[in-house]
Amino acid sequence: MYGLIAAEAAIFTIFVVAYLFYVGKSLVGPLPNEVLHAPVFLTICLLSSSLTIHRAVAALRRARMRTFELWWAFTIALGAVFLGGTAREWHHLIYDQGLTVRTNLFGTSYYSLVGLHAFHVTVGLLGLLTVLLLGLGGRVGQEHTERLDVLSLYWHFVDAVWIVVFTVVYVIGR
Amino acid sequence: MTTASIPWMQSDVARRPLVERLHDWVTTVDHKRLGILYVVYALVLLVVAGIEAAIMRIQLMAPHNDFVSPQVFNRMFTMHGTTMIFFVAMPLVFGFANYLVPLMIGARDMAFPRLNAFSFWLTAFGGVLLHFSFLGGSGLYGAGTAPDVGWFAYAPLTAKTFSPGHSTDYWTLALLVSGFGSIGTAINILTTILCLRCPGMTLGRMPLFAWLSLTMAGLVILAVSPLSAAQMMLLVDRYLGGHFFDTQAGGSAVIWMHFFWVFGHPEVYVLVIPAFAVVSEIIPVFSRKPIFGYPVMVAATVCIGFISMSVWAHHMFTVGMSPAANGFFVLSTMAIAVPTGIKIFNWLATMWGGTIQFRTPMLFCTGFLFQFLIGGLTGVMLACAPFDWQLGGSYFLVAHFHYVIVGAILFALFGGFYYWFPKVSGRMCSETLGKLHFWLFLIGFHLTFDCMHVPGILGMPRRIYTYEPGRGWDAWNLWVTIGVVFQGLGTLVFVGNLVWSYFEGDRAGSDPWDAWTLEWSTESPPPVYNFAALPVVRSRRPLWDLKHPEDPDWKYEQ
């Protein structure tokens, strides 16, 4: 998983570099400072989901299945809220502001970078959901702690990337 | 009777139906079989890409030639470059690592066998997809809709406007798919080496091959991922109307070059480090001496790995970067010569005073040493920015990198073929045919790529379709093409040798070269589980310790 994370980090680095390179180079509007609003609430949701997944795996390690399932479901909810928020933001951008991938450089690099992250959140959510379903079916036990550790590592990584994306897109980029 | 000697083909019925045996190969997760699949796949595409090269050379044999159309010529050099790098060199390297790493570190398989199979089939699919492009559009003789944008695919040539149709999409998707395969394999190799070493096999006792594979895997993870990212951006541009590399909308063509070469230069080391690995295994065995300066060899390799991540822009001296940036990349590129020089000195020091046996593998490694030295030196010449401004776009540069890729990497891998063939097949390769192969290929190689430097210096540009007579290029180009004939013959002898030896070669036994690393302690070919009991290692030459209990290595190692 660390190998995968290194590879993913390299991919994200390239997208972040492209984003930073193109900040302020769009020839036509809309520009980031006109349309972007920092999604503080969503960020809090996503970052706190790191905490909940940590608690979930810790509970599993001590074989407390109820607590595990609760924290795990909580993590999924937080991730889903984040994803829904992103969808709402995109809807707003596309239909109210007319910003698409084709509009300008900002659109291209914004949707690519944030979309790449959203894609990773989606993959993570699918993984988490699978585990939850298996857990409710009674197929997850203490012996799977190590595997879920790997999954939670991925989730932490997705969160950490969001810190970078947030900084680049919503702080520096404006 | 030949197949019966191979344990994995033994079964209750003497010969099972062909379909069943094929099915076994397709569904296999055994690292040895996957290694063989990688290598066979690479050899098939080696021939394909070689034919593409031959077509280019026939076209350039004489001035005003019109053997193929300019369009077909563009397609040929694009396909030749792309295939050779991604579907010949990389699979060869991965095949060797896949087969040998678990055997050398005393493991029973790779860390993730199913990921291993998945990665191979991704790579294989990428190559098939790329060559599928020959079947579209203007038909095979017009070379179909094969990509024609060069293996670097510089923007904005790849934009929809300048590259309509699907040729560039074939290129992008094929490389994206095989790139994911490469990353998977690299993660697998890395994990295997770090987690599955047998008892006593500390990092300091690993064979150099394993150390160098580790470095190579790390480089693949850090280098191929940027390429995948860049491919995704190119797809966004081509399919969703994005503007990453669209200069009309403020996008930048130079940033594609940066992204591509951030991958492209470490890639060179991804390919050459395994070649070093092969040479580092063969030279000690045929010099009958342990490798000279083991820790320094490891340090130099890791050092090369690190520096190689910071040299990419030496492919872009002519773009017009600032003098400071040019200076940095000149210096970092030259700095790489230092650890590389250390390695060459250590190989020479290993041979120094040794009892050298010039068997075929050793011949190829000796060729490697000289040719890698020359290729490296022209590399240092090209690292000087002013020199690069003159010759960077000429045949001189083509000659330089072919010197490294063919003269060093391919020669080392040929050596590796002859060295490990007895282990893989249980049969010895024919020495006579091997030596014939060596000399044919050596002559062909030098005829082709030595001569190629001269028209470059005389001003012949790369990727040129045809040229005027009377510029002093004619005779040189003719010689270059004649060299290709020798290389082609050599390759035929090589493939013939492999096939003949597989059926008719002498029995090899488990350790035909009297070597020292763990893979020679198993039967040839190794059983599916590699080792009946996991070996315990006490020094860098475990087999020496076994064979010479009166004077084992571990007495002298700390």
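Start by selecting B:S425, which sits in helix 13 (residues 395-425) of chain B; helices here are DSSP runs of H or I, at least four residues long, and strands are runs of E of at least two, both numbered from the N terminus. Keep in mind that this is a predicted model, where local features need pLDDT of at least 70, side-chain atom pairs count only at pLDDT 80 or more, and totals for chains, interfaces and linings use all residues. Residues are numbered from 1 along each chain as its sequence is written, chains are lettered from A and ligands numbered from 1 in the order in which they are written, and side-chain values use heavy atoms, with hydrogens and water left out.

Is B:S425 buried or exposed? With a relative accessible area of 6%, B:S425 is buried (buried means under 20%, exposed over 50%, partly exposed in between, with a 1.4 Å probe and protein chains only). Show its side chain and you can follow it to the backbone nitrogen of B:R427, at 3.1 Å. Leaving out residues up to four places away in sequence, B:S425 touches B:Y502 and B:P525, where contact means heavy atoms within 4.5 Å.

Next, pick B:R288 and B:D514. They form a salt bridge, with the closest N and O atoms 3.0 Å apart; the rule is a side-chain nitrogen of Lys or Arg within 4 Å of a carboxyl oxygen of Asp or Glu. The two are 226 residues apart: B:R288 is in the loop between helix 7 (254-287) and helix 8 (294-308) of chain B, and B:D514 is in the loop between helix 15 (474-504) and helix 16 (542-547). Both are partly exposed, B:R288 at 24% and B:D514 at 36%.

Through shared partners, salt bridges join B:R288, B:D511, B:D514 and B:K547 into one network.

Over to chain A for another pair. Select A:R61 and A:D149, whose side chains meet in a salt bridge (2.7 Å, N to O). A:R61 lies in helix 3 (residues 40-61) and A:D149 in helix 6 (residues 145-172), so the pair ties together parts 88 residues apart in sequence. A:R61 is partly exposed at 42%, as is A:D149 at 29%.

While you're there, colour chain A by secondary structure: you'll see six helices and zero strands. Its C-alpha trace spans about 55 × 30 × 20 Å along the principal axes, and buried residues make up 49% of its 174 residues.

Last stop: show both chains and go to where they meet. Here 23 residues of chain A are in contact with 25 residues of chain B. The buried area (accessible area lost on putting two parts together, 1.4 Å probe, summed over both) is about 1,900 Å², and carbon and sulfur atoms give 80% of it. How many salt bridges are there between chain A and chain B? The count is zero. On chain A's side, helix 1 (2-22) and helix 5 (105-136) each supply at least two residues, with the largest share, twelve residues, coming from helix 1.

How values were computed. Polar contact = N/O pair within 3.5 Å; in protein donor to acceptor, adjacent residues only side chain to side chain.
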